[in-house]
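Morning, everyone. Let me put the model on the screen, and then we'll walk through it together.

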Amino acid sequence: MKKQMNAVRDFHKQIGAEVAHRPCLLNHCEESAREFATAVRELCDRFTNHPEGRSGLMARTLMSLEETAEWLESHAELDINAAADAWGDRAYILFGDAVATGIPVEQIFDIVHESNMTKSAANPMTGKAVKGGGYVRPRIDLPDREI
């Protein structure tokens, strides 16, 4: 994953996003992180008992949201170790999504990274990179299969 981490680091530098040189929490307001975590957990609770709440797409989405709530909570509690655990769980779920769907992780990452490097500086309001005039959409062409 070193290649991918270096690619993301290059992208962050390009758009002016944060790049830490040692483990640290993201800049945040503890109360806002707590409030956001509560809202995410409420969303999870709302759909946990949904008829499709624990199968396929819905199950994986709920797992992702639950780990996102833990990421937020770890920041609210100023706990770098809990944040690292939550990050690891979130990454594991993303890799699990790829395994469950057969998505070729490295190929897709490389295609998306190439596209991302055509974006400009981050929007100061959202932190997302801007798709300027030189933006090139990712060209993903996976073989179709029956669902």
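Let's begin with a term. A salt bridge here is a side-chain nitrogen of Lys or Arg within 4 Å of a carboxyl oxygen of Asp or Glu. The idea behind it is simple: side chains of opposite charge can pair when their charged atoms come close. One caution before the count. This is a predicted model.

I'll take some of them in turn. Start at Glu31. Glu31 pairs with Arg34, and their closest N and O atoms are 3.5 Å apart. Both residues sit in helix H2. They are three residues apart, which is about one turn of the helix.

Now stay on Arg34. Arg34 also forms a salt bridge with Glu77, with 3.6 Å between the closest N and O atoms. Where do these two lie? Arg34 is in helix H2 and Glu77 is in the loop between H3 and H4, so this pair ties together parts that are 43 residues apart in sequence.

How exposed are the partners? Arg34 is partly exposed, at 34% relative accessibility. Glu77 counts as exposed, because its 54% is over the 50% cut-off.

Next pair: Arg41 and Glu73. Their closest N and O atoms are 2.7 Å apart. This pair links distant parts of the chain, with Arg41 in helix H2 and Glu73 in helix H3, 32 residues apart. Buried or exposed? Arg41 is partly exposed at 30% relative accessibility. Glu73 is partly exposed as well, at 28%.

Back to the loop between H3 and H4 for a moment. Leu78 lies there. Look at its backbone: Leu78 has a positive phi of about 55°, although it is not a glycine. Leu78 counts as exposed, at 52% relative accessibility.

Now the empty space. Rolling a probe the size of a water molecule over the atoms shows where empty space is left. The largest pocket has a volume of about 2,100 Å³. Which elements give two or more residues to its lining? They are H1, helix H2 (30–48), helix H3 (56–76), helix H4 (80–101) and helix H5 (105–116). H4 gives the most, with 10 residues.

What is the lining like by class? It has 32 nonpolar, 10 polar and seven charged residues.

Keep your eye on Met5. Met5 is in helix H1, which covers residues 2–15.

To recap, then. Arg34 bridges to Glu31 and to Glu77. Arg41 bridges to Glu73.

Key
Residues numbered from 1 in each chain as written. Predicted model: local features only at pLDDT ≥ 70, side-chain atom pairs only at ≥ 80, totals over all residues. Heavy atoms only, no water. Helix = DSSP H or I, 4+ residues; strand = E, 2+ residues; numbered from the N terminus. 1 Å grid on protein atoms, 1.4 Å probe; cavity = no way out; pocket = protein on both sides within 12 Å on 5 of 7 lines; lining within 4 Å. Points joined across faces, edges and corners; volume = space filled by probe spheres on them. Nonpolar A, V, L, I, M, F, W, Y, C, P; charged D, E, K, R; others polar. Buried < 20%, exposed > 50% of the residue type's maximum accessible area, 1.4 Å probe, protein only.
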